[in-house]
Amino acid sequence: MTFVSNEVDLTSVEIKPSGATVLGLARKAKLPLDSSCLEGTCGSCRVTVLEAPPELEPPHDVERDTLAERQMRADERLGCQMVACPGLKVKIPVYD
Ligand code: FES
């Protein structure tokens, strides 16, 4: 999968172990993706999905509720809840 920031490909990472979350892979690659609760409720780990392969699983109940409560866009997901898959491309938000 690939991480993007400021429209530039930051890095492509191998999905290891299988079932790793987007946040877990970002941390492993030392990328600046915020996080706090790790339970899918705070919304701080949000990413924008730029390319979603068919294998990408849809949000489960907790993530879906948080996305709705925080009025996130349809292309946003929570990195701590989202299981990475080959071909996935996400954008990490940049905060000033
Ligand atoms: S770290 Fe809180 S929702 Fe992901």
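Q: Which strand does β1 join by three bridges, running parallel?
A: This is a predicted model, in which local features need pLDDT of at least 70, side-chain atom pairs count only at pLDDT 80 or more, and totals for chains, interfaces and linings use all residues. Residues are numbered from 1 along each chain as its sequence is written. Strands are DSSP runs of E with at least two residues, and helices are runs of H or I with at least four, numbered from the N terminus; two strands pair if DSSP finds at least two bridges between them. With three bridges, the parallel partner of β1 is β5 (residues 89-91).

Q: In β5, what is the bridge partner of Thr2?
A: β1 and β5 run parallel. Thr2 has its bridge partner in β5, and that residue is Lys89.

Q: How many bridges join β1 to β2?
A: Strand β1 covers residues 2-5 and β2 covers residues 8-12. Val4 bridges to Asp9 in β2. The two strands run antiparallel, and the number of bridges between them is four.

Q: Is Ser18 buried or exposed?
A: Ser18 sits in the loop between β2 and α1. Buried means 20 or more other C-beta atoms within 10 Å of a residue's own, exposed 12 or fewer, and partly exposed in between, with C-beta atoms placed from the backbone. Because Ser18 has 8 C-beta neighbours inside 10 Å, it counts as exposed.
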